[in-house]
Amino acid sequence: MKQMEVVGVRVEMPSNQPIVLLKETEGDRYLPIWIGAVEATAIAFAQQGVLPARPLTHDLFRDVLDALSVQLRTVNITALREGIFFADLIFSNGVEVSARPSDSIALALRTGATIFASEDVLEEAGVAIPDEQEDEVEKFREFLDTITPEDFGRAG
């Protein structure tokens with residue numbers, strides 16, 4: 001398993017499909033995962049520190065875990081089958097729960113859990129971006145700084 005960091009979310013054109021982009025913390029591979037608009041908003045809210053007036057689903061899940069004195073330790077993106085990514089939530093009490101990576105990432109950002117991706121997933125879907133192409137990634141980061149979570153509600 002390789003540790004990953006969340007670069008951010010954006011809307012892929014022309015399909016208007018949101019993606020979350022992860023990057024190896026010790027490497028040059030990026031992992032784009034197509035996600036739903038609701039999950040994109042949840043991830044963007046967490047990255048921007050937006051606190052909604054009422055808890056969103058991922059906030060509620062975090063609060064329930066706190067109330068039960070259970071911590072989300074890690075998120076493992078384990079497989080890619082027929083274009084669908086799979087993840088497992090690993091909790092402090094030893095319980096593992098299968099989940100969508102988008103929900104898993106949104107929850108990890110709220111709880112401080114570490115995100116990992118299997119080498120198999122990275123080999124199949126990872127995109128290596130050498131250092132000389134980092135300016136393109138920087139442009140992507142600049143784009144992320146200008147987009148708001150509300151932009152994800154525009155899907156037709």
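**Aromatic pair, surface patch and core**

Reader: What is the relative accessible area of Phe61?
Author: Phe61 is partly exposed, because it falls between buried (under 20% relative accessible area) and exposed (over 50%), with a 1.4 Å probe and protein chains only. The model is predicted: local features need pLDDT of at least 70, side-chain atom pairs count only at pLDDT 80 or more, and totals for chains, interfaces and linings use all residues. Residues are numbered from 1 along each chain as its sequence is written, and side-chain values use heavy atoms, leaving out hydrogens and water. For Phe61 the relative accessible area is 33%.

Reader: How many aromatic pairs does the structure hold?
Author: Rings of Phe, Tyr and Trp (its six-membered ring) pair if their centres lie within 6.5 Å; planes under 30 degrees apart count as stacked, over 60 as edge-to-face and the rest as tilted. The number of such pairs in the structure is 1.

Reader: What is the angle between the planes of Phe61 and Phe91?
Author: Phe61 and Phe91 lie 6.5 Å apart, centre to centre, as a tilted pair. Their plane angle is 45°.

Reader: Which element holds Phe91?
Author: Phe91 is buried, at 8% relative accessible area. The pair links distant parts of the chain, 30 residues apart, with Phe61 in helix 2. Helices (H or I, at least four residues) and strands (E, at least two) are DSSP runs numbered from the N terminus, and Phe91 belongs to strand 5.

Reader: Is His58 buried or exposed?
Author: His58 is also found in helix 2. Beyond its neighbours within four places in sequence, His58 is in contact (heavy atoms within 4.5 Å) with Ala42, Asp103, Ala106, Leu107 and Arg110. With a relative accessibility of 8%, His58 counts as buried.

Reader: What is the relative accessible area of Leu68?
Author: Leu68 is found in the loop between helix 2 (57–67) and strand 4 (72–81). Together with Leu60 and Val64, Leu68 makes a nonpolar surface patch of about 280 Å². Leu68 is exposed, and its relative accessible area is 59%.

Reader: How many residues does the largest nonpolar core have?
Author: A nonpolar core joins buried Ala, Val, Leu, Ile, Met, Phe, Trp, Tyr and Cys residues through side-chain atoms within 4.5 Å. Val20, Leu22, Leu31, Ile77 and Ile115 have the most contacts inside the largest one.

Methods. Patch = residues over 30% accessible without salt bridge, like charges linked within 9 Å, V, L, I, M, F, W, Y side chains within 5 Å. Areas by Shrake-Rupley, 256 points an atom, 1.4 Å probe, with all protein chains shown as cover. Salt bridge = Lys/Arg side-chain N within 4 Å of Asp/Glu carboxyl O.
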